[in-house]
Amino acid sequence: MGLDLFCLADSGTIRRVRGATGIGSLPGTDIDEASRVVVGELPELPHVPELPARGVGADMIGRTAGLLVDLAIEVITSGYRVNSRPGRDHRRAVDLLRGDLDAFDEALERAGAQPEIVKVQAAGPWTLMSNIELMRGHRVLTDRGAVKEFSESLAEGLTQHAAQVAKRTGAKVVVQLDEPGLPAVLQGLLPTPSKLGTVPAVPEQDARTVLATVIDALADHEVMVHCCAPQPPLKLLREAGASAIAFDMTLVKGAAALDEIGETWEAGTTLVLGLVPSVDPGTPVTLKEVGQRAFTLADRLGFPRTMLAEKALPTPTCGLAGATSSWVKRALSLTRDLSSAFLEPPEGW
């Protein structure tokens, strides 16, 4: 058994889907093996794996840039830059993602799996625009016109991508937007090209509006926003329209952060709690050790523990790109078992 993750409208009916999932990235360069692991360990809610170790075009930014419509990127010394037309780097990102979807389809077929929901991941607009440069060297997010163009292009590309995955798999698609860079954008912490100053902070209202543009375009799909940075802006993400918010529970500190989590939960947003270590801690890890933090959270916030089954989902604390292959299987197994514990807590918890 697992837990209720999302309520999805389908021709006037509501379906509940149970299961556990991962954040996205796995180690290594073998996409066939990665797909087999994900489908095998997370049969109810598998995600298309990401393998950043393959290099250019397989990392979060390059992979997402490959989804952009009528915009192209190229690799430069400092990272990625807008290009006038698709070149080798852009084509590599597109080809890698196409191959990943083929491998994912094949893994589902070999396993005889027909999940009701699958998940795809991409960089959110602010993390994407803070990591791509304009031709003149400044970050995309510094140009208001470029911000509009990129956010609309990303929204269109993600809509097409999700529709393609839905057609391939016959499943509902959850779109995860990764926004680890959003707190730095909001706080004005990004350095300028000269490294002598910082890019001005983006006002919360502007950040919320742009994020909402992308989420609204994905109206046919549930959208999860993942932010593994300390103190993720939960209220902003919720108000932008995220139906679920994923974050690293081990980084949550202070009464203010707990209050914001409580408000988010109370508003009906699903909390995707990063609980299982994303790398092998070097010592044995028990299910109770990784799960206790979630039960303590519900207790401290004054919610019944049944909220964990109704409006929460366990995941690893972040992506598993830095893990060993053995820890990947252990971490995903713990995550799956923890979803069952949310539904039926073991005696003594």
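This is a predicted model: local features need pLDDT of at least 70, side-chain atom pairs count only at pLDDT 80 or more; totals for chains, interfaces and linings use all residues.
Residues are numbered from 1 along each chain as its sequence is written, and side-chain values use heavy atoms, with hydrogens and water left out.

What does the side chain of Arg-98 meet in a salt bridge? The partner is Asp-95, at 3.0 Å from N to O; a salt bridge here is a side-chain nitrogen of Lys or Arg within 4 Å of a carboxyl oxygen of Asp or Glu. Asp-95 is partly exposed too, at 46% relative accessibility. Both residues belong to helix H3 (residues 88-111), where they sit 3 residues apart, about one turn of the helix. Helices (H or I, at least four residues) and strands (E, at least two) are DSSP runs, numbered from the N terminus.

The whole structure holds 13 salt bridges. One of them links Glu-33 with Arg-36, whose closest N and O atoms are 3.0 Å apart. About one helical turn separates these two, because they are 3 residues apart in helix H1 (residues 31-41). Glu-33 is partly exposed at 32% relative accessibility, and Arg-36 is partly exposed at 39%.

## A sheet of three strands

Another salt bridge joins the side chains of Arg-81 and Glu-74, 2.7 Å from N to O. Arg-81 is partly exposed, at 24% relative accessibility. Now for the strands: an open sheet of 3 strands runs in the order E3-E4-E6, with mixed pairing. Strands E3 (72-76) and E6 (132-133) are at the edges with a single partner strand each, so one side of each has no neighbour in the sheet.

Strands of a sheet pair through backbone hydrogen bonds, either parallel or antiparallel; here two strands count as paired if DSSP finds at least two bridges between them. E3 and strand E4 (residues 79-83) pair in the antiparallel sense over 5 bridges. Gly-79 in E4 is the bridge partner of Ile-76.

Cys-228 is in no disulfide, and its nearest cysteine sulfur, in Cys-318, is 3.4 Å away. Seen from Cys-318, the closest cysteine sulfur is that of Cys-228, and 3.4 Å is too far for a bond. Cys-228 is partly exposed at 22% relative accessibility, as is Cys-318 at 23%.

## The largest cavity

A search of the whole structure finds 3 cavities of 30 Å³ or more. A cavity is a set of points on a 1 Å grid over the protein atoms alone where a 1.4 Å probe fits but cannot get out, and lining residues have an atom within 4 Å of a point. Grid points are joined across faces, edges and corners, and a volume is the space filled by probe spheres set on the points.

The largest cavity has a volume of about 50 Å³. Its lining consists of Gln-231, Pro-232, Leu-234, Phe-247, Val-252, Ala-257, Glu-260 and Ile-261. Helix H9 (residues 255-266) supplies the largest share of that lining, 3 residues. By class, the lining has 6 nonpolar, 1 polar and 1 charged residues; nonpolar covers Ala, Val, Leu, Ile, Met, Phe, Trp, Tyr, Cys and Pro, charged covers Asp, Glu, Lys and Arg, and the others, Gly among them, are polar.

Technical notes:
On a 1 Å grid over the protein atoms alone, a cavity is a set of points where a 1.4 Å probe fits but cannot get out, and a pocket is an open set with protein on both sides within 12 Å along at least five of seven lines; lining residues have an atom within 4 Å of a point. Buried means under 20% relative accessible area, exposed over 50%, partly exposed in between (1.4 Å probe, protein chains only). A disulfide is a pair of cysteine sulfur atoms within 2.5 Å.
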